[in-house]
Amino acid sequence: KHFYEPGASVSESTDWKSKINAVIVRTKPLNITLLAGIPSWLVCFADILRNTSGTTDVSSHLQQIWPNLDCVVHGGAPLAPFAEELRRLLGPNVNFHEVYPASEAFIAAQDIEARGGLRLMAAAGVFYEFVPIDEFDEARPANVGNKAIPLEDVRVGVDYALLITTPGGLCRYSLGDVVRFVSTEPPRVQWMGRAAQQMTAFGERVIEKDVADALVTLCQRNSWTIVNFHVAPLSANPYLGSGRGRHEWWVELRPGTVITPTGPQMAVELDLELRRTNPSYDLRRTAHGLEAPVVRLVMPGLFETWMHRQGTWDGQYKVSRCRNDRVVADQLAAIAQFAKD
């Protein structure tokens with residue numbers, strides 16, 4: 001009887017905030033046992049639902065509303081930046097299960113502990129090929145064919161651009177994703193980010209997962225909670241007193257948990273973490289033109305304001321974590337409430 005939930009009027013609404021509220025009204029009295037979605041939007045949904053329950057207790061969670069809530073299926077973006085916040089909002093006994101879906105095909109799903117990667121759906125009608133990311137040029141798809149390798153030839157620990165051929169008619173289609181194999185028998189992958197979301201402006205070769213993991217490690221160490229973030233290149237500028245480039249981090253933390261750090265404090269720790277985990281970044285920092293990063297700690301709500309202005313504040317959109325240009329960073333700067341360097 002709930003097959004067509006939450007109903008056409010809610011599903012077809014273009015006002016995302018109204019849609020969330022309508023879903024909450026419909027589902028709050030029901031016996032909900034499973035939630036599914038993108039991690040950042042699950043946080044948004046859970047936070048709004050808690051607030052509608054009339055509690056000011058920061059320890060309250062959704063299992064107090066839905067006692068039988070057992071599982072959260074997540075995908076579409078890394079869980080790590082939102083994991084601690086989701087556990088706090090959902091409840092202590094909720095299980096997390098990761099999937100790797102795309103509009104074009106269902107790629108992989110968790111079948112063991114999360115750290116073991118996701119099992120590639122290699123026997124479900126989709127043919128997979130892989131191009132080492134060092135040889136992948138998304139702007140020149142005609143040159144991809146002679147560099148593509150089949151599943152049986154992939155190696156653990158190498159980053160690949162993922163190509164699929166499907167029964168629906170796609171042939172050597174690039175999803176724009178980067179994956180890394182953690183095992184080949186059976187094939188299990190980690191999603192490393194989008195091929196377009198890499199930092200190579202200064203030859204550093206930093207991918208989306210690198211910046212996300214560095215920030216997550218830092219926040220876990222200091223008990224900070226991430227709301228959103230973005231990293232962009234900041235080219236040589238005489239006003240910075242430097243003739244070389246650097247990374248510019250835009251970070252929004254959730255207020256009210258612990259003493260808020262300063263931007264310079266975070267910059268030092270992020271720099272050390274990336275140097276520890278990414279040899280290419282460390283090499284560039286040592287001798288090849290990459291200055292220490294700068295961190296912009298922004299006021300609460302900046303990223304939401306930016307998404308509203310871009311027309312991307314709904315569950316289909318995600319904030320770009322890093323780019324080789326300053327499109328997003330300059331848009332954030334235009335609405336930021338502090339003086340630039």
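In β4, Y100 finds its bridge partner in A108. This is a predicted model, where local features need pLDDT of at least 70, side-chain atom pairs count only at pLDDT 80 or more, and totals for chains, interfaces and linings use all residues. Residues are numbered from 1 along each chain as its sequence is written, and side-chain values use heavy atoms, leaving out hydrogens and water.

β3 and β4 (residues 106-109) pair in the antiparallel sense over three bridges (pairing takes at least two DSSP bridges between two strands; strands are DSSP E runs of at least two residues, helices H or I runs of at least four, numbered from the N terminus). The two strands make a hairpin, with four residues between them. On to β2 (residues 71-74): this strand runs parallel to β3 (residues 95-101), joined by four bridges. H74 has E98 as its bridge partner in β3.

Next comes helix α6 (residues 263-277). Among the buried residues of α6 are M266, L270 and L274 (buried means under 20% relative accessible area with a 1.4 Å probe, protein chains only). Their cover includes α5 (208-222), β14 (246-253) and α7 (279-287).

As for F136, it sits in the loop between β6 (127-132) and β7 (149-150). F136 counts as buried because its relative accessibility is 14%. Leaving aside residues up to four places away in sequence, F136 touches V131, V144, A161, L163, S174 and A195 (contact means heavy atoms within 4.5 Å).

Key:
Buried < 20%, exposed > 50% of the residue type's maximum accessible area, 1.4 Å probe, protein only.
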